[in-house]
Every structure is written in C-alpha cells, then in structure tokens.
Amino acid sequence: MTDLSRDSLADGLARVVGAPVKDLARLSGGASRETWSFSASGRRLILQRQRSGDIRDMGVEANVLRAAHTAGVRVPELLANGTADSPIGSSFMVLSHVDGETIARKILRDDTFVHARQVLVGDLAAALARLHSIDPSNIAGLPATDQVAQYRTTLDDLNTSLDQAHPTFELAFRWLEANRPESARRSLVHGDFRLGNVMVGPDGLRAVLDWELAHVGDPMEDLGWLCVRAWRFGSSSPVAGVGSYEQLIAAYEHESGLSVDPDLVRWWEVLGTLKWGIMCMIQTSSHLLGLARSHELAAIGRRVCENEYDLFLALDGRWEGLGVR
Amino acid sequence: MSELHDVPSAAQLVEAVREWLERDVLTSTTGRVQFHTRVAMNVLAMVERELALGPDQRAAHAARLADLGVADDKELAKAIREGRLDDRMSDVVAAVRASVVDKLRVANPGYFESR
C-alpha cells in the first residue's frame with residue numbers, strides 16, 4: 001500500500017470517527033480483509049476493512065458484535081461500521097483496541113500466561129455459553145448453511161480442480177452421515193472459536209474476536225471446533241491445548257445450565273477436523289492453480305495427511321456404525 | 001537397478017541445497033525470509049524422505065489397493081462413497097489408515113510423537 005492511499009485512508013477514517021487520526025499502521029492482511037491500528041481522541045482503535053474488490057459486507061458481523069456485546073460476551077466495542085460507499089471506500093468496522101496476545105504458541109508456552117492457562121477453559125466455556133444464549137433470529141443477515149453439504153461440495157470442486165481423491169475424507173463423510181445427530185439446538189454459532197481468534201491476557205480471556213464466520217447452527221459446533229487437534233498447537237491437552245474434554249463440558253454445563261452430549265461434541269470435532277483438512281487443500285490449490293505462487297502454500301498440501309491422521313485418531317473405536325468390527 | 005545419472009543422486013543434490021539453506025541462508029536472514037527458509041528446508045527434507053521411502057511405499061500402496069480390488073485412490077474414494085465396499089469396511093479402514101501413516105512418514109514424521 002502506498003503512502004498516498006494510506007493518507008487518504010487516514011482522511012476517510014478521520015471523517016468516520018470525527019477526530020484527527022494518528023499512528024495509522026497496518027497490523028495484518030488476510031486474503032479477504034486488512035487490520036489497521038490507529039488512535040483518535042486519545043483512544044487506541046482498530047480498523048478492519050474488506051479488501052478492495054471483495055464484495056462481502058461486514059454489516060452482518062457488525063450486527064453479531066453488537067448482539068454479543070449486549071449479551072455480555074467479552075468483545076471489542078464496535079464504534080462505527082459502514083459499506084463501500086463510505087469514506088473508507090470498502091466495507092469496514094472501527095473497534096476498540098483490546099490489550100493482550102492472540103498468538104497461540106505464546107499463550108500455550110510463555111510464562112506470562114501461566115495463570116491464564118489455568119483459567120482459560122472456564123473462560124472459553126463461559127464465553128461460549130453466553131454467546132449461544134443469543135437468539136439468532138434477532139440478528140439480520142445471519143447465514144444458516146448445512147455444514148456437511150457445504151464442505152461436500154467444496155471437496156468435490158477441489159478434487160476436480162486438483163485431479164485427486166482422499167479416501168480418508170470419504171470415510172469421514174460416511175461416518176458423519178451415519179452418525180448425524182437427529183435433533184439439535186439452534187443458536188448463534190461463532191464459527192471459528194479457537195486460540196488465534198481470542199485475545200488473552202495474563203488474567204485469562206479478554207475478548208472474543210473474528211466473528212466473520214458467525215452463523216445459525218448447533219452450538220456444539222463451537223465446542224467441537226475448539227477440540228480439533230490443529231488448534232492444540234502441539235500441546236497434548238485436547239481442548240485448545242489447555243484443558244480436557246471433561247473440564248470443557250463441565251464448565252459449559254455449569255455456565256449454560258444445559259446438558260452436553262460428549263458424542264455430539266465428538267461429531268462436531270470430526271467434522272471440524274475434516275473441514276480444516278479441506279481448508280488446507282484450498283490453500284495449496286491457490287498455489288497449484290496459480291492464484292498465489294508460494295512454496296509455503298505448496299507445502300500445506302502435504303500436510304493434509306496430518307488432518308487425515310487426526311481423523312483416524314478421533315474415530316478410533318468409533319467405526320461401529322459403518323460395519324467395522 | 002543400474003543408474004544412468006552420475007553421482008550425486010537426486011537425493012544427494014536436494015540434501016546439498018538443504019544443507020546450504022541451513023548453514024548460510026538461515027543464519028544470515030531474519031523475520032519473514034528466515035521463516036520461509038525454514039519452510040524451504042522442511043520441504044526439501046520431505047523430498048529426501050520421499051526419494052528414500054517412495055519405491056517401497058508405492059509397492060505397499062499398490063498391494064493394498066489391489067487387495068480391495070481398486071486401481072487407485074480415486075477408485076477407492078468413489079467405492080467408499082457409493083457403499084460398494086461396505087461389506088469390507090474393516091479392511092478399507094485398515095488400508096486407508098496404513099496409507100495415511102505412510103504419507104505422514106514422508107510429510108512430517110515428527111507428527112506421530114506430537115500427541
């Protein structure tokens with residue numbers, strides 16, 4: 001990004017927040033959005049904006065953040081948001097800055113977070129119980145897609161474009177279909193609830209971030225995703241690398257007053273592991289199909305077998321439904 | 001097997017480049033370039049493992065597929081999806097699992113211990 005466009009971004013931001021903008025600095029840029037830090041009126045703030053050309057609207061995410069804040073979930077405060085015809089020139093949100101750490105390996109290993117690691121499972125369970133209590137029908141524009149069907153289509157498209165097949169993923173889809181829960185609660189689901197997407201301080205959870213995948217679904221999806229092996233970042237503890245299944249379920253039941261079926265959490269963990277494998281295929285396909293040539297993205301293709309191995313670990317002793325003795 | 005090419009072998013060539021990355025590039029870079037140097041070293045180590053283990057793994061994979069009556073992973077995936085191997089599900093799970101273990105032995109053998 002050139003200084004000129006940064007200056008014009010600062011001008012647009014100043015008009016949005018109604019005060020001069022200082023110390024505007026780019027923090028990170030994903031494939032679809034950019035994050036900037038700045039200060040205005042003596043306050044440290046965060047700008048998140050959709051990449052130019054990306055037509056996705058942050059309006060739904062802003063609605064979700066407002067609802068979460070009202071429900072008492074720890075989230076950054078939403079100060080402003082707007083669409084592409086705003087002075088920012090793309091869909092955006094201005095959020096309060098929250099101090100802390102998002103990098104999982106630091107949270108799991110640094111001495112600063114010794115106490116945080118003790119309380120984190122309880123904090124995460126409490127945040128989930130609270131966000132799952134939100135009535136999704138009050139949030140305009142929230143998607144409600146069938147995850148199995150969605151990732152089935154994604155995998156079929158990838159298998160075609162990469163000219164390959166994954167027997168493990170087919171076994172996992174068969175298992176998911178054979179063991180699919182009959183009825184489930186419907187609630188707001190965060191959709192990407194894990195270390196990396198939460199702000200953690202020495203005292204524990206400070207804020208739940210990255211709500212862009214929020215949707216209507218079974219709340220157990222968030223619990224299962226939190227147990228996916230990739231999100232343990234090398235730690236041996238199954239829940240976010242800091243706790244046990246029993247701790248998570250007990251804390252969630254205590255906070256929500258609802259009972260949790262461990263098999264349902266496991267079903268969502270299996271689907272989550274499969275989803276992450278498919279997401280890794282998407283990353284390697286962007287190299288192979290020439291969208292972004294990178295040996296790092298190329299190497300991710302060979303790490304899909306880690307997800308396959310994780311699926312076998314998650315399904316050990318659970319193949320009965322498919323006639324496996 | 002008689003070799004057409006002179007020494008070094010393909011594996012030895014890749015090894016030499018990987019050693020250079022580790023010895024010279026890694027120590028004279030920082031940040032993003034250093035991170036990508038580590039990624040490159042890991043990629044080359046993976047290629048070395050595939051060159052060493054590949055022939056035996058390919059034979060074992062072919063034997064597993066033949067036992068299930070399919071030609072390749074695409075046929076196997078299709079058969080699993082369509083339920084055509086449901087009467088041999090235990091064999092299928094064992095065979096697919098063995099293939100995954102072999103893939104991981106090349107891609108990231110450290111992964112087995114990281115649980």
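## A buried charged pair in chain A

Asp310(A) has a relative accessible area of 4%, so it counts as buried. The model is predicted. The partner of Asp310(A) is Arg229(A), and the two form a salt bridge with the closest N and O atoms 2.6 Å apart. The pair links distant parts of the chain, 81 residues apart. Asp310(A) sits in helix 11 of chain A. Arg229(A) belongs to the loop between helix 7 (220-226) and helix 8 (245-256) of chain A.

Is Arg229(A) buried or exposed? Its relative accessibility is 10%. The cut-off for buried is under 20%, so Arg229(A) counts as buried.

## The fold of chain A

Chain A holds eleven helices and nine strands. Its C-alpha trace spans about 70 × 50 × 40 Å along the principal axes. The radius of gyration of chain A is 21 Å; a compact globule with 325 residues would have one near 20 Å, so the two agree.

Of the 325 residues in chain A, 54% are buried. Among contacts in chain A with a separation of 6 or more, 66% come from residues 24 or more positions apart.

## The contact between the chains

How is the size of an interface often given? The accessible area lost when the parts come together is often used. Here the area buried between chain A and chain B is about 3000 Å². Carbon and sulfur atoms give 60% of that area. Arg174(A), Arg302(A) and Tyr309(A) supply 20% of what chain A buries against chain B, more than any other three residues.

The contact takes 32 residues from chain A and 33 residues from chain B. The rule for polar contacts finds twelve residue pairs across the interface. On the side of chain A that touches chain B, the elements giving two or more residues are helix 5 (147-162), helix 6 (167-178), helix 10 (295-301) and helix 11 (304-315). Helix 11 of chain A gives the largest share, seven residues. By type, the residues on this side of chain A divide into eleven nonpolar, seven polar and 14 charged.

## Salt bridges across the interface

The whole structure has 30 salt bridges over all chains. Six salt bridges cross the interface of chain A and chain B. In one of these, Arg302(A) meets Glu50(B) at 2.8 Å, N to O. Arg302(A) lies in the loop between helix 10 and helix 11 of chain A, and Glu50(B) lies in helix 2 (residues 31-68) of chain B. Arg302(A) is partly exposed, at 39% relative accessibility. Glu50(B) is also partly exposed, at 32%.

Lys103(B) and Glu308(A) form a salt bridge too, with the closest N and O atoms 2.7 Å apart. Lys103(B) is in helix 4 (residues 89-107) of chain B and Glu308(A) is in helix 11 of chain A, so this pair joins two chains. Lys103(B) is partly exposed, with a relative accessible area of 34%. Glu308(A) is buried, with a relative accessible area of 1%.

## A salt-bridge network

Which residues are linked in a network of salt bridges? They are Arg152(A), Asp156(A), Glu170(A) and Arg81(B).

Definitions and conventions
Residues are numbered from 1 along each chain as its sequence is written. Chains are lettered from A and ligands numbered from 1 in the order in which they are written. This is a predicted model: local features need pLDDT of at least 70, side-chain atom pairs count only at pLDDT 80 or more; totals for chains, interfaces and linings use all residues. Side-chain values use heavy atoms; hydrogens and water are left out. Contact means heavy atoms within 4.5 Å. Buried area is the accessible area (1.4 Å probe) that two parts lose on being put together, summed over both. A salt bridge is a side-chain nitrogen of Lys or Arg within 4 Å of a carboxyl oxygen of Asp or Glu. A polar contact is a pair of N or O atoms within 3.5 Å; within protein, one must be able to donate a hydrogen and the other to accept it, and residues adjacent in sequence count only if both atoms are side-chain atoms. Helices (H or I, at least four residues) and strands (E, at least two) are DSSP runs, numbered from the N terminus. Ala, Val, Leu, Ile, Met, Phe, Trp, Tyr, Cys and Pro count as nonpolar, Asp, Glu, Lys and Arg as charged, and the others, Gly among them, as polar. The radius of gyration is taken over C-alpha atoms; the globule rule is 2.2 Å times the number of residues to the power 0.38. Buried means under 20% relative accessible area, exposed over 50%, partly exposed in between (1.4 Å probe, protein chains only).
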